[in-house]
Amino acid sequence: MRYVKPESYEAASALLAAEDGIARILTGGTDVLVMLKAEMVEPDLMVDLKHLPGMHDIAAEDGGFRIGAAVSSAELGEHAALKAMWPGVVEGAELIGSTQVQNRATIVGNLCTASPAADSVPGLVTANAVAWLHGPHGTRDVPVVEIPVSPGKTMLAKGEFITSIYLPARPVGASDAYLRFIPRTEMDIAVSSAAVSLELDAGGTITAARVAIGAVAPTVRLVADAGAAIVGTKLDDDAIAALIAATEAACSPITDKRGTIEFRTKTAGVLAKRAAHIAYSRAGGKT
Amino acid sequence: MKMIPVETTINGDQTEFLCNADESLLDVLRDRLGLTGAKEGCGTGDCGACSVMLNGRVVCSCLVLGVETQGAEVETIEGMADGETLHPLQRVFIEEAALQCGICTPGILIAAKSLLAKNPDPTDTEVRYWLAGNLCRCTGYDKIIKAVQKAAAEMRAA
């Protein structure tokens, strides 16, 4: 394996595009080095990107935040303004692994590993987050929801990598939340998960809502019907019932050692309900 | 395979070593530098026995490449005591018998020290969550939590 620290984004994409063997990108390393150790992948080329400009920055931009691809989960949690605006995104990132792992793991790595159970991805999806891609043919913006295409696979072209993620601005009276089910209290992989992001008017009625679910489909899934089910409401019982029904209808999980199809579907609905209540309360709504 | 020269700072000392591209920091510390305090438990970032400080943050050295530490500051358990004087955490762990076989202890001490630097007066729950990535198969954790709290109290009073 060759280890390279390219001098620029352009050099990095040229290097990745020219590699005939297996190439991997290193930022936090908490997935790629585990795969290396387990001999699940034997890369010919390891490209370290975390020294490049902007990689470690959390920068205010157009009312939102741009997060560099090498920013760790711990750094997200330490950023008060980001946490205040997007608490659900940050709590997802802070559920990834142990203290040690959170000091290295990145949301971009979590996204590119493309696990259906990735804890930071549902929150990014409900946040309408956009990944900025750098490739041999230039740069482009891609919504986070479109990045994973199947377990372990992304839509990134050869030579392309994500340099940052943009979390947009949001109005007053808006918030989000993320919840997962695991059979213990810490350090486990989600059996099912849900994120909810919503906006309220001055009277506490929901004016916009996005719901995403994890570990219940081949990729994290945005559930438009579930968001629509609570718009125009204050999360009354009927709205919650409709939210749960739409969430369950969007689940197509597998049965494995972590949970059955039935269990995953049921808990995804419950988690969506609870995350909606938390997001509503954080946004200033009173039920 | 071509060896790569790396210059880093370990426990305050300028250090140079040669390693392979795919060699972990843990293997470099143990096999090339003779710093065998950090242990390999799982080798996949689950057990925390290999915990070291990298640029001021606690990490699993099995999930860091040696070559990544070029220009970095690394602190290991070997740098924790001040000469013959043990760090309060080390001394209290012995006094309170917060270890049995001792394999997890260097990692737990490194992680606990990083917690107390950030939060000198943690709750038991905060200690347990912070140390969730440091597995101990002997003690049942109770004595570890108590020792961390006792050392924390002593350090606050100092």
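Helices, taken as H or I runs of at least four residues, and strands, taken as E runs of at least two, are DSSP runs numbered from the N terminus. In this predicted model, chain B read along the sequence follows the pattern β-β-α-β-β-β-α-α-α-α, which comes to five helices and five strands.

The overall dimensions of chain B can be set beside the expectation for a globule. A compact globule of 158 residues would have a radius of gyration near 15 Å, and because chain B has 16 Å, the two agree. Along the principal axes, the C-alpha atoms of chain B fill a box of roughly 50 × 30 × 25 Å. Of the 158 residues of chain B, 43% count as buried, and among its contacts between residues at least 6 apart in sequence, 59% join residues at least 24 apart.

Chain B also touches chain A, in a contact that takes 22 residues from chain A and 22 residues from chain B. On the side of chain A that touches chain B, the elements that give two or more residues are those in the table.

| Element of chain A | Residue range |
|---|---|
| strand E1 | residues 2-4 |
| helix H2 | residues 32-37 |
| strand E3 | residues 45-48 |
| helix H6 | residues 99-102 |

Of these elements, H2(A) provides the largest share of the side of chain A that touches chain B, namely four residues. By residue class, this side of chain A divides into 10 nonpolar, seven polar and five charged residues.

Conventions: Residues numbered from 1 in each chain as written. Chains lettered and ligands numbered in written order. Predicted model: local features only at pLDDT ≥ 70, side-chain atom pairs only at ≥ 80, totals over all residues. Rg over C-alpha atoms; globule rule 2.2 N^0.38 Å. Buried ≥ 20, exposed ≤ 12 C-beta atoms within 10 Å, placed from the backbone. Contact = placed C-beta atoms within 7 Å. Nonpolar A, V, L, I, M, F, W, Y, C, P; charged D, E, K, R; others polar.
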